[in-house]
Amino acid sequence: MQYVSGQLLTEEGFVEGHVGFEDGVVAEVGRGKAKDSVSEGLILPTFVNAHTHIADYVVPVDPLLSLAEVVAPPHSLKYRVLAATPESKQREAIGYLSERMARGGTSVFSDFREGGIGGARLMSSAEGARAFVLGKPQAPHFDREEISALLDVAEGIGPSAISDWDYEELRELASFVRSRGKVFAIHCSERIREDLDKVLDLRPSYLVHMTQATDADLERCAQLDVPVVVCPRSNMFFGMAPPLARMVRHGVTVALGTDNAMISMPDLFVEMEFAGRLLRQQGEKRLDCVIRMAASHGRKIINRSPLIEIDPGAPCDFMVVRSQNGDPVTDLVLRTAGEQPLLVCMGGRTWRGPQ
């Protein structure tokens, strides 16, 4: 059996502890340092990247273009480039970034995948972090046969926005997805504030962005326990910022995503730093919530346990990050971006970074 030791993240915060593991399974968790540890530092669960478009890595973005010109369906730069890019190149990008995410401590990423059934199938190229695929029909129309086939290869459906659809067709789509026991999630209020009542009537599993949300919108999300995924770097690239502090104060379950890979590499440590600094700028001084956004709330969104405990008997799903010998929360949120974890253990695979 191998051991890692250091400051262990628990529901009560960080405590001095150790984790023993073998054959891809956690065998022991205890207080205090273990002898002959293979790695020492801050021990915490791997992250879940709750919103990505990683195939967008193939898109050479022009910074002079607006958000709509870059990503709005169906004729923006993104869609033109993806349509012209061979599947082999897209598979290569998906494989590369999924491996990079795993080495960086992300075990699962939720990808809103364009391209219909064929696009969703390309996500099988993910070789490191596991893809939680939310497919998208070829056109903004509800075709029962197409959606049924898409749900056979995806965990759910992720439309772009309510404004891109006829509302009654979107309602049919959402109802059908739920009837199959699958996830229905949607972008909401990114460029403009959208009618949240109409969006919530679709009973979405979660919303993405909400940069234009009002306090009343956030209060409704909190009351109905509808999580929100924020992507600070992507939004800030286009001159916007999510009202992150207001989300936290209203009690919204907030998770982090990295969004389009042509403008934001899928690195959650970098996203955490941006989120932490944004919270400070918006008047929120405590940053422990940022760790939950990456390590806990993303798990809730993809229907896994929202707890952050590392339990004996569970498959390995943890990492060890270098300690800067300061406050662990500050070290993780503001002083880890750009560094690779010392060790990442997911099931039967282990990645080791610079020691």
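**Exercises on rings and strands**

Phe-238 is buried (under 20% relative accessible area; exposed is over 50%, partly exposed in between; 1.4 Å probe, protein chains only), as its relative accessible area is 17%. The model is predicted, with local features requiring pLDDT of at least 70 and side-chain atom pairs pLDDT 80 or more, while totals for chains, interfaces and linings use all residues. Residues are numbered from 1 along each chain as its sequence is written, and side-chain values use heavy atoms, without hydrogens and water.

**Exercise 1.** Classify the aromatic pair of Phe-142 and Phe-176.

*Solution.* Step 1: rings of Phe, Tyr and Trp (its six-membered ring) pair if their centres lie within 6.5 Å; planes under 30 degrees apart are stacked, over 60 edge-to-face, the rest tilted. Step 3: the centres of Phe-142 and Phe-176 are 5.7 Å apart and the planes stand at 55 degrees, so the pair is tilted. Step 4: Phe-142 is buried at 14% relative accessibility, and Phe-176 is buried at 12%.

**Exercise 2.** Classify the pair of Phe-237 and Phe-238.

*Solution.* Step 1: the ring centres are 5.0 Å apart, with 85 degrees between the planes. Step 2: the pair is therefore edge-to-face under the cut-off of over 60 degrees. Step 3: Phe-237 is partly exposed, at 36% relative accessible area.

**Exercise 3.** Determine how strand β4 (residues 39-45) is enclosed.

*Solution.* Step 1: strands are DSSP runs (E, at least two residues), numbered from the N terminus. Step 2: six of the seven residues of β4 are buried, so the strand is largely enclosed by the rest of the structure.

Definitions and conventions:
Helix = DSSP H or I, 4+ residues; strand = E, 2+ residues; numbered from the N terminus.
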